[in-house]
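Subject: Structure handover and notes

Hello,

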Amino acid sequence: MGRTPGAHAEADPAVELAQWLRSLRRQAGLTYQRMARETPAAGFAPATLWRAARGTTVPRWPVVAAFVTACGGELAQARRMWTAAAEQHRSVHSAAPSSGREPVLGPEFIHTPAQLLQAMRAMRLEAGGPSLRELEDRATSYGVTLLPHSTVGAVLRGERMPSKALLLHFVAACGVSRAPSGVWEDAWDRAAAYRRWATGASGGGRDPAPRPALKGAAP
């Protein structure tokens, strides 16, 4: 469904994806307001759907899925194009100068709080840079938030280490990690053990109390 983007866009999968989304909307003859009404369960505002088709960043997969569903497009093709755009976005940010910070590692290679922090920041970027409020909304169960925006903000600024539960909820809310939750639990355990060793604290395996000083550099 929709036209296949021209070869000139192939060098930038994010632009290619945006062009394809715009062509789907034109063919469907829908406004963004109508698209939002067509997918009420997704809960995305017209402005969110509009930003998805701009091509200035990689939208989150649930936004792309809602967009394509509203326009009658093929989800399998959408997934392929979104994956290519997300992978390129991640590789570009991973290769960018890091001001002396540690590189982004997969969860199976994480051993320090700084490495865990870098992975969380990269995950948020790959998810399209959702706001802290949006992350909070995605992880609310029975009226109780599992990702308080103020706590997540402090974690991402490097002011405190996340609890294991908060990390797992963050991974789920971002929705871009291909690693099982158990791999992230193991990553947290190693980072917490390193932190106890580095600070001389004894934690007995419990989630550590908030303590400043990550800031992206090894403790």
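Which handedness does the crossing of α9 and α10 have? The crossing of α9 and α10 is right-handed, where right-handed means that the near helix is turned clockwise from the far one by less than a right angle, and left-handed that it is turned anticlockwise.

Before the rest, the conventions. This is a predicted model, in which local features need pLDDT of at least 70 and side-chain atom pairs count only at pLDDT 80 or more, while totals for chains, interfaces and linings use all residues. Residues are numbered from 1 along each chain as its sequence is written, and side-chain values use heavy atoms, with hydrogens and water left out.

Overall layout

The protein chain has 10 helices and 2 strands (DSSP runs numbered from the N terminus: H or I of at least four residues for helices, E of at least two for strands). Starting at the N terminus, the order of elements is α-α-α-α-α-α-α-β-β-α-α-α. The chain has 219 residues, and 42% of them count as buried (under 20% relative accessible area, with exposed being over 50% and partly exposed in between, for a 1.4 Å probe and protein chains only). Taking contacts (heavy atoms within 4.5 Å) between residues at least 6 apart in sequence, 59% join residues at least 24 apart.

The α9/α10 pair

Two packed helices are described by the angle between their axes and the distance between the axes. Helix α9 covers residues 164-174 and helix α10 residues 181-199; they pack at an angle of about 140 degrees, with axes 10 Å apart. That makes α9 oblique to α10. Axes here are lines fitted to C-alpha atoms, for helices over the stretch in contact, and angles run from 0 to 180 degrees between N-to-C directions. Under 35 degrees is roughly parallel, over 145 roughly antiparallel, 65 to 115 roughly perpendicular, and the rest oblique.

On the α9 side the contact is made by K164, L167, L168 and V171, and on the α10 side by S181, W184, E185, W188 and D189. By class, this contact has 5 nonpolar, 1 polar and 3 charged residues (Ala, Val, Leu, Ile, Met, Phe, Trp, Tyr, Cys and Pro count as nonpolar, Asp, Glu, Lys and Arg as charged, and the others, Gly among them, as polar).

The buried residues of α9 are K164, L166, L167, F170, V171, A173 and C174. Their cover includes α6, α7, α8 and α10. Just after α9, G175 has a positive phi of about 65 degrees.

Helix α8

In helix α8 (residues 149-156), 6 of the 8 residues are buried, so the helix is largely enclosed by the rest of the structure. The buried ones are T151, V152, G153, A154, V155 and L156, and they pack against α6 (113-126), α7 (132-138) and α9. G158 follows α8 and has a positive phi, near 85 degrees.

W61, V63, V64, A65, A66, F67, V68, A70 and C71 are the buried residues of α4.

The largest nonpolar core has 53 residues, and L21, F67 and F170 have the most contacts inside it. A nonpolar core is a set of buried Ala, Val, Leu, Ile, Met, Phe, Trp, Tyr and Cys residues joined through side-chain atoms within 4.5 Å. To this core α4 gives the most, with 9 residues. Apart from neighbours within four places in sequence, F67 is in contact with L21, R25, Y32, M35, L49, A52 and A53.

Two partly exposed residues

R54 lies in the loop between α3 (46-52) and α4 and is partly exposed, with a relative accessible area of 45%. Not counting residues up to four places away in sequence, R54 touches A18 and R22. The C-alpha atoms of R54 and A14 are separated by 9.2 Å, at 40 residues apart along the chain.

L125 lies in helix α6 and is partly exposed, at 38% relative accessible area. The C-alpha atoms of L125 and V176, 51 residues apart along the chain, are separated by 9.8 Å.

Regards
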